[in-house]
Amino acid sequence: LYRRREAWKDLVELLETKSGVLEGDDAIDALLDAAHIAQQSMQAPSRALALCRLMLDKDETNLAALGMMAEILKGQGKLQEQIVVLEKLADIEEGDAQVETLWKLHALALEMNDTEGAIGYVEKVLESDPKNARAIEAKIELLRGGEDLYNLVTTFEEQAKLAEGPDKKAELLYEAATTLADEIGELTSALEKLNEIQELVPEHTQSVQKSAQIYIQQQAYPEAVTAFEKLAEMQVDGEHQAGALRAAARLSLQHLSEPERARELATQALEMNEDDGEAFELLSSALDKEENYEELVQQLLARVKKVEDVDAKAALCKRLAVVYRDGLGNEDLFLNWTEEAHKTKEDPELVDEMLAHYRGADNLERVAPLLEWKIVHLAKRRQQKEIPALQYELGSILNRLGEKDKALEVLQKCVDADGSFLAAIYSIAMLLFELDRKEEALPSYQTLLLRFNELESKEQKVSV
């Protein structure tokens with residue numbers, strides 16, 4: 001009658017009274033009915049909770065009561081109390097129902113930022129189903145974000161033992177190896193795992209590459225070179241193969257002092273891609289270390305013809321120049337290729353090298369245009385301080401070459417830039433006198449008389 005009239009409060013009280021005169025499951029069913037009505041029809045979660053507790057007083061393992069309590073507490077946002085109820089429920093349940101409850105607990109733990117608790121619930125799922133893929137991934141994800149890296153490695157190892165097929169097993173062992181190497185720093189243990197992978201899946205390129213990197217960290221360079229050579233043989237992609245060959249060549253050259261081996265490896269890389277600039281650099285460095293300068297020159301000459309990039313071509317010309325000078329002792333070809341490098345791309349360092357050589361040889365015809373270039377270059381960069389000395393040198397050379405008027409012009413620019421440059425004033429005065437332009441020379445001589453004691457030599461003083 002109360003149910004038909006929707007007199008819910010009266011109905012709940014009546015059902016509660018009824019449960020008192022019943023026993024066993026009948027009493028619990030009456031309370032369960034009352035709890036459902038309190039929750040759904042009366043919107044009275046607190047009353048429903050109280051009724052659930054009465055049920056649990058009669059049967060603490062009652063799944064329906066615990067399940068309802070968990071739902072009510074969830075609606076009230078009481079996470080901690082909900083966890084307590086769900087843990088009791090998980091202890092009682094079995095099979096899929098238990099797993100579902102454990103996942104609810106896992107979600108609540110994450111919501112409360114309880115990583116350790118979340119891991120614990122996932123581990124319970126794995127106790128009942130060791131191959132549960134979702135649980136495996138969840139545990140690994142949680143451990144990756146935490147500090148218990150050894151647990152993470154152990155998890156990878158345990159899952160590798162359970163994995164079906166060598167590829168999946170290798171994947172998990174590789175995760176364990178990289179964690180050991182990159183995050184824990186146990187390189188030897190990591191190498192053991194990587195060797196296990198290579199025995200399991202011989203074509204596993206990642207494990208070979210990682211082994212090579214670890215050998216480099218350990219400064220075990222012979223093993224690293226061997227690993228890169230093995231990796232090159234395994235690679236199908238040409239660029240990856242060339243990369244492994246370059247790495248092996250670089251180590252052979254820089255750490256093993258084996259230029260011949262480096263040359264062979266770099267040559268193999270170039271055979272795969274003749275435009276491989278890094279491989280060519282390794283090849284040329286190996287030839288240089290072998291002191292095989294004739295072969296090095298041939299390689300550089302062939303490369304210069306192919307290269308179109310201005311910077312690269314200029315660098316090759318400079319390299320050729322150095323080889324001719326330092327390797328073959330050919331100064332003429334050194335200068336030719338230095339000039340070629342400068343023509344390809346103007347370079348003040350090259351100009352300084354050429355000036356040093358031509359000054360030493362007293363080759364004035366070569367020095368003059370280089371000085372002119374350097375003066376213009378410095379003027380563009382507004383580096384005025386060095387210019388007067390260069391102008392004086394250029395003017396003096398032009399005078400010696402018989403270009404008197406041009407020499408006067410340059411020397412005058414020197415004095416205009418630095419009015420205290422006594423040597424330039426002296427040269428101007430002597431030139432004008434020599435050209436029989438005595439009236440023009442007179443102001444310069446008067447300046448020289450005023451600064452007579454600053455003249456460098458007795459000869460200069462006598463001539464003035």
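User: Before looking at A249, what counts as a helix here, and in which helix does A249 lie?

Analyst: Helices are DSSP runs of H or I with at least four residues, strands are DSSP runs of E with at least two, and both are numbered from the N terminus. By that rule A249 lies in helix α15. This is a predicted model, in which local features need pLDDT of at least 70 and side-chain atom pairs count only at pLDDT 80 or more, while totals for chains, interfaces and linings use all residues. Residues are numbered from 1 along each chain as its sequence is written, and side-chain values use heavy atoms, with hydrogens and water left out.

User: Is A249 buried or exposed, and which residues does A249 touch?

Analyst: Buried means under 20% relative accessible area, exposed means over 50%, and partly exposed lies in between, with a 1.4 Å probe and protein chains only. A249 counts as buried because its relative accessibility is 0%. Contact means heavy atoms within 4.5 Å, and, not counting residues up to four places away in sequence, A249 touches A262, L265, A266 and L282. A44, by comparison, is 205 residues from A249 in sequence and 78 Å from it in space, C-alpha to C-alpha.

User: Where does R246 lie, and what does R246 touch?

Analyst: R246 lies in helix α15, which spans residues 238-254. With 11% relative accessibility, R246 counts as buried. Once residues up to four places away in sequence are set aside, R246 touches E239, A269, D276, E278, A279 and L282.

User: Which helix holds K210, and is K210 buried or exposed?

Analyst: K210 belongs to helix α13, residues 205-217, and counts as buried at 10% relative accessibility. Leaving out residues up to four places away in sequence, K210 touches Y174, T178, A181, D182 and L194.

User: How many aromatic pairs are there by the rule used here?

Analyst: Rings of Phe, Tyr and Trp (its six-membered ring) pair if their centres lie within 6.5 Å, and planes under 30 degrees apart count as stacked, over 60 as edge-to-face and the rest as tilted. By this rule the count comes to 2 aromatic pairs. One of them joins Y392 and F421, which form a tilted pair at 5.3 Å centre to centre with 35° between the planes. Y392 lies in helix α23 (residues 387-400) and F421 in the loop between α24 (404-417) and α25 (422-434), so this pair ties together parts that are 29 residues apart in sequence. Y392 is partly exposed at 26% relative accessible area, whereas F421 counts as buried at 18%. F433 and Y445 also pair, and because their ring centres are 6.2 Å apart and their planes lie at 80°, the pair is edge-to-face. F433 lies in helix α25 and Y445 in helix α26 (residues 438-450), so the pair ties together parts 12 residues apart in sequence.

User: Which ring does the charged end of K438 sit over?

Analyst: A charge sits over a ring if NZ of Lys or CZ of Arg is within 6 Å of the ring centre and within 35 degrees of the ring normal. The charged end of K438 sits over the ring of F433, 5.1 Å from its centre, and the charged end of R134 sits over the ring of W103, 3.8 Å from its centre.

User: Which residues touch the most other members of the largest nonpolar core?

Analyst: A nonpolar core is a set of buried Ala, Val, Leu, Ile, Met, Phe, Trp, Tyr and Cys residues joined through side-chain atoms within 4.5 Å. The largest such core has 152 residues, of which M55, F228 and L448 touch the most other members. Apart from neighbours within four places in sequence, L448 is in contact with L422, I425, Y426, A429, L455 and V464.
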